Amino acid sequence: MALERDKLVAQHAMLNLDETQLLDVYRKMVTIRRFEEKAAEMYTRGKITGFCHLYAGEEAVAVGAIQALYDKDYVLSTYREHGHCIAKGAEPRVVMAELFGKATGISHGRGGSMHLFDPILRFMGGYAIVGGGLPLAVGLGLSVAYKEEQEIVACFFGDGALPQGAFHESLNLAALWNLPVIFICENNFYGMGTLVANAVSQEHLYKFAEPYKIPGVRVDGMDVLEVYGAVMEAAARAREGDGPSLIEAVTYRFRGHSMSDPVEYRSKREERIWLERDPIKNLRKKLLTERNVAEPRLKEIEADVEAVIDDAVRFADESPEPSIEDVSKHVYAD
Amino acid sequence: MAEISYREALNQALREEMDRDERVFIMGEEVGYFGGAFKVTDGLLAVYGEKRVRDTPISELTIVGAGVGAAMGGLRPIVELMTVNFGLLAMDQIVNHAAKIRYMFGGKAKVPLVIRTPQGAGHQLGAQHSQSLEAYFLHCPGVRVAIPATPADAKGLLKSALRQEDPVIFLEHESLYSVKGEVPDGEHLVPFGKANLVREGKDVTIVSYSKCLYDAIHAAEALENDGIDAEVIDLRMLNPLDIGMVIESVKKTGKAIVVYEGWKTGGAGAEIAAQIYESAFDHLDAPVERIASLDQPIPYNKHLEKAALPSPGEIVRVAERMM
């Protein structure tokens with residue numbers, strides 16, 4: 001039911017977005033994909049260390065959702081947040097520099113892959129405790145309501161966060177206080193290597209909206225327009241003062257949980273099925289067939305992105321390390 | 001200057017700060033209609049309304065997390081945790097979030113949040129309602145820890161806390177709410193990181209904070225009858241820690257006793273003793289002594305509870321032995 005309804009919403013979204021917007025969506029998705037592919041390469045070459053969780057395959061969720069927001073709206077994410085940060089407007093070069101741990105990085109080399117942040121873009125952080133961002137989103141929603149401002153808050157988290165107390169407490173409090181927060185669950189079927197069915201009692205995650213009396217929908221997270229349409233609806237409600245929503249975007253990560261995951265818990269056949277549903281190929285095909293976009297225009301975008309990512313790596317590589325004398329700077333205000 | 005209770009001093013600070021700054025609001029379990037489990041927020045709802053005095057569900061983790069988020073969104077939240085024992089449910093948001101956000105985001109974020117919570121034993125409330133957990137917060141860089149003993153400091157430190165740019169854990173003591181003392185009217189700010197020399201003496205330094213400060217003062221009075229002149233220092237804060245005043249005192253007296261209600265092992269006293277050894281070893285005439293709670297859950301029975309907690313008598317015995 002929900003899926004059929006959302007197909008209609010997606011068609012509507014396709015009609016609503018003009019060609020420039022659609023091409024911008026395409027550019028962002030390709031940027032994230034190429035960024036992640038390059039990050040994997042740089043990780044293998046030892047340029048990036050620590051944990052590195054890639055978003056390849058899930059681009060439609062971040063890009064579709066953030067396309068439905070205004071610049072002033074807040075976004076929070078998890079440790080798999082390169083995509084959300086870039087979709088919210090971060091330049092790939094400062095994100096790559098952060099992954100390289102450089103002084104020019106978006107968090108000045110203090111955060112790394114899991115802790116990107118930019119208050120000007122209202123990208124309010126990647127958090128590496130599962131479910132940790134949800135209470136913060138409630139608080140940001142409260143700050144907006146308190147100041148009687150119009151911003152809304154979009155909070156991304158994985159299916160792994162559903163069994164956390166923070167998820168249930170946050171939905172309850174946001175519903176109780178009618179806060180402008182959109183909870184976006186990226187259901188990629190695995191919390192690390194644990195199948196969602198082995199971790200969550202509810203088969204359809206969006207149904208957790210029901211006990212908290214807020215709207216909940218499930219969308220095809222491999223279809224950027226479907227995600228966009230659902231978030232547009234939720235955003236309109238939040239802006240109208242009608243409170244929070246829960247969106248379950250069904251998606252798939254094309255790579256492991258992190259760079260150190262050999263992905264032995266899922267079958268090659270399953271992976272092939274999902275690779276065929278690649279959200280970028282999906283949108284590309286739609287643009288060519290349904291919107292009659294000329295292929296050279298897409299190729300031009302792809303070539304541009306290639307150059308942006310190459311520049312990002314060059315910038316990150318050439319940037320200075322943070323100064324050792326500053327190791328304890330920013331622990332406290334002073 | 002009026003003589004008011006620790007509870008009234010806190011209430012006064014809250015009112016003054018809420019009058020001064022529209023961004024200041026308080027949320028927590030029972031802070032509104034109930035007036036606070038310990039009546040610290042009594043009467044605030046009627047004056048400031050539900051927007052600024054917010055009753056919350058029993059969701060400590062998310063109340064604190066929402067405070068962190070609201071602070072990031074430009075407000076000045078005060079979160080009241082009904083007691084520190086329940087605050088343990090919020091440790092993820094305190095330790096992993098509030099304390100880390102400024103640093104791990106390269107100084108681009110700030111969390112000006114005040115978490116007020118009472119702690120302590122002495123009311124036969126059993127093991128789960130009688131803890132003093134300041135050491136947990138002292139152990140975590142990124143959060144400031146205020147722990148006032150007097151009504152004047154309760155007011156002055158809370159007002160200062162609400163003007164900080166960093167998260168502050170503000171630890172009150174359940175047994176102090178009715179204690180009265182002189183409190184300056186109006187704008188009274190106690191600076192962060194400054195200990196208070198409560199009593200001058202030359203023979204031994206007694207370092208304390210929170211409720212144990214009163215034990216230290218009583219002990220010092222008793223010691224005076226024995227001809228022992230004790231100096232008493234109220235730390236007032238554990239982070240920043242004014243170890244400078246302690247060191248100066250120890251250089252004069254050559255002896256130090258640290259008195260605190262937390263567990264002895266790994267408690268704040270261990271840190272203070274270590275810092276005394278690091279900076280004043282050559283001035284010590286005796287090992288630094290720690291007087292604290294026994295390393296065990298606090299019992300219910302009145303006599304057992306008393307036996308598990310530090311007392312003025314114990315301070316006197318230890319001080320006499322050191323002479």
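A: The radius of gyration of chain A is 19 Å, which agrees with the value near 20 Å that a compact globule of 334 residues would have. The coordinates belong to a predicted model. The C-alpha trace of chain A spans about 55 × 50 × 40 Å along its principal axes, and its secondary structure consists of 11 helices and 8 strands. Of the 334 residues in chain A, 56% are buried.

As to the part in question, 34 residues of chain A are in contact with 32 residues of chain B. On the side of chain A that touches chain B, strand E2 (123-126), helix H6 (133-146) and helix H7 (165-176) of chain A each supply at least two residues. H6(A) gives the most to this side, with 10 residues. By class, the residues of the side of chain A that touches chain B comprise 18 nonpolar, 12 polar and 4 charged.

The axes of helix H1 (residues 6-20) and helix H8 (residues 151-161) of chain B come within 8 Å and cross at roughly 25°. Because angles under 35 degrees count as roughly parallel, H1(B) is roughly parallel to H8(B). The crossing of H1(B) with H8(B) is right-handed. From H1(B), the residues involved include B:Tyr6, B:Leu10 and B:Glu16, while those of H8(B) include B:Pro151, B:Lys155 and B:Leu158. This contact of H1(B) with H8(B) has 8 nonpolar, 1 polar and 4 charged residues.

Some backbone details in the loops complete the account. In chain B, the peptide bond from B:Asn239 to B:Pro240 is cis, with omega near 0°; B:Pro240 lies in the loop between strand E12 (237-239) and helix H10 (243-253) of chain B. B:Glu30, a residue other than glycine, has a positive phi near 70° and lies in the loop between strand E2 (24-28) and helix H2 (44-52) of chain B. B:Glu30 is partly exposed, since 17 other C-beta atoms lie within 10 Å. In chain A, A:Lys213 has a positive phi of about 60° although it is not a glycine, and its place is in the loop between strand E6 (194-195) and strand E7 (216-220) of chain A. A:Lys213 counts as exposed, with 11 C-beta neighbours inside 10 Å.

Methods. Residues are numbered from 1 along each chain as its sequence is written. Chains are lettered from A and ligands numbered from 1 in the order in which they are written. This is a predicted model: local features need pLDDT of at least 70, side-chain atom pairs count only at pLDDT 80 or more; totals for chains, interfaces and linings use all residues. Helices (H or I, at least four residues) and strands (E, at least two) are DSSP runs, numbered from the N terminus. The radius of gyration is taken over C-alpha atoms; the globule rule is 2.2 Å times the number of residues to the power 0.38. A residue is buried if 20 or more other C-beta atoms lie within 10 Å of its own, exposed if 12 or fewer, and partly exposed in between; C-beta atoms are placed from the backbone. Axes are lines fitted to C-alpha atoms, for helices over the stretch in contact, and angles run from 0 to 180 degrees between N-to-C directions. Angles under 35 degrees count as roughly parallel, over 145 as roughly antiparallel, 65 to 115 as roughly perpendicular and the rest as oblique. A crossing is left-handed if the near helix is turned anticlockwise from the far one by less than a right angle, and right-handed if clockwise. Two residues are in contact if their C-beta atoms, placed from the backbone, lie within 7 Å. Ala, Val, Leu, Ile, Met, Phe, Trp, Tyr, Cys and Pro count as nonpolar, Asp, Glu, Lys and Arg as charged, and the others, Gly among them, as polar.
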